[in-house]
Amino acid sequence: MSSTLENAPLVELIAELRWDSQAALRAPVAGGAGHAFMANSAGALDGFFMRFGGAVSILGYSESERLVPVQFPTFAHQPIYRFKQKGDGETRSLYQVGGGIFSANAVPPYRSWSTFEPVVRKGVDALLKSRNDNEATSPFTAISLRYIDAFGPDLTGDRSVNEFFSQVLGVSIGVPEALAQHLRTEASITPVLQLQIPMKDSMVMSVSLGEGVANGKKAIMMDTSVATTLAVPADIDEVVNVFNIAHEAIARSFLQLTRPIAHLMSSTDNGAT
């Protein structure tokens, strides 16, 4: 399923892979309360980062940024480097890597999954060719695709959060009298909703809805992700297939949920969910 939304509410799209990295084994840090987790082998990680950076620079991701200062503790599954692709002075997409983690991130203006899927595929290919020898074939313990959407006033109109939930998304939340009795006159309850939906193929959809802030403005936020619960082989076609399944589920749900405001998002037939 592919549809263009010229006024899409997308804030960010994140395609993420995680695996058990031998170079980022978890270990307690002496002298601290509880446990912090540091890289087990900085040299091995640095080699991985250099190889990955070289591979993606060929793809146009030539601007790199280290997210964690050198000599600072690093966590397992914490992004350490970011590689950006720019066009006309703006970031079009980026990759992030760390010990046991990779992500491909799309930022506005986002066109469509059909244009972003090749970005994901090329990034996964670069990752598989760059991982350290001792984990080159390690399966991915988690694969997730996450959409963060922000519905601003242009899409919500003068609806309250509760009205947007019920009138647009079709979500009705009943409040028992034990709680409603405390509501002051002429005020309305502001709902926050979190759902976990077990899917076939051992995947889980998670949906969070509530009021928030995007780009400094109040908005109604929708955070939707589909993630695996079983390990996936380190094979580019299998990985991309999982992302495609996740996208199909999210896109279909989004278009059905937001049908009452489809005309405000200017939906046409080939491009942006």
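**Exercise 1. Classify D237 as buried, partly exposed or exposed, then describe its salt bridge.**

Step 1. D237 has a relative accessibility of 46%, so D237 counts as partly exposed; the class runs between buried, under 20% relative accessible area, and exposed, over 50% (1.4 Å probe, protein chains only).

Step 2. The model is predicted: local features need pLDDT of at least 70, side-chain atom pairs count only at pLDDT 80 or more, and totals for chains, interfaces and linings use all residues. Residues are numbered from 1 along each chain as its sequence is written, and side-chain values use heavy atoms, with hydrogens and water left out.

Step 3. The partner of D237 is R121, with 3.1 Å between the closest N and O atoms. A salt bridge requires a side-chain nitrogen of Lys or Arg within 4 Å of a carboxyl oxygen of Asp or Glu.

Step 4. This pair links distant parts of the chain, 116 residues apart: R121 belongs to helix α2 (residues 113–130) and D237 to helix α6 (residues 236–257). Helices (H or I, at least four residues) and strands (E, at least two) are DSSP runs, numbered from the N terminus.

Step 5. R121 is also partly exposed, at 30% relative accessibility.

**Exercise 2. Describe the salt bridge between R252 and E248.**

Step 1. The closest N and O atoms of R252 and E248 are 2.7 Å apart.

Step 2. Both residues lie in helix α6; because they are four residues apart, about one helical turn separates them. An α-helix has 3.6 residues a turn, so residues three or four places apart point the same way.

Step 3. R252 is partly exposed at 40% relative accessibility, and E248 is partly exposed at 26%.

**Exercise 3. Check the length of α2 and list its buried residues.**

Step 1. The expected span is 1.5 Å times one less than the number of residues.

Step 2. Buried residues of α2 include W113, F116, V120, G123, A126, L127 and S130.

**Exercise 4. Find the residues with the most contacts inside the largest nonpolar core, and trace the contacts of F52.**

Step 1. A nonpolar core is a set of buried Ala, Val, Leu, Ile, Met, Phe, Trp, Tyr and Cys residues joined through side-chain atoms within 4.5 Å. The largest has 61 residues, and F52 and F102 have the most contacts inside it.

Step 2. The largest share of this core, nine residues, comes from α6.

Step 3. Leaving aside neighbours within four places in sequence, F52 is in contact (heavy atoms within 4.5 Å) with F83, Y95, V97, F102, G123, A126, L127 and S130.

Step 4. Apart from this core lies another, of six residues, among them I14, I148, A214 and M221.
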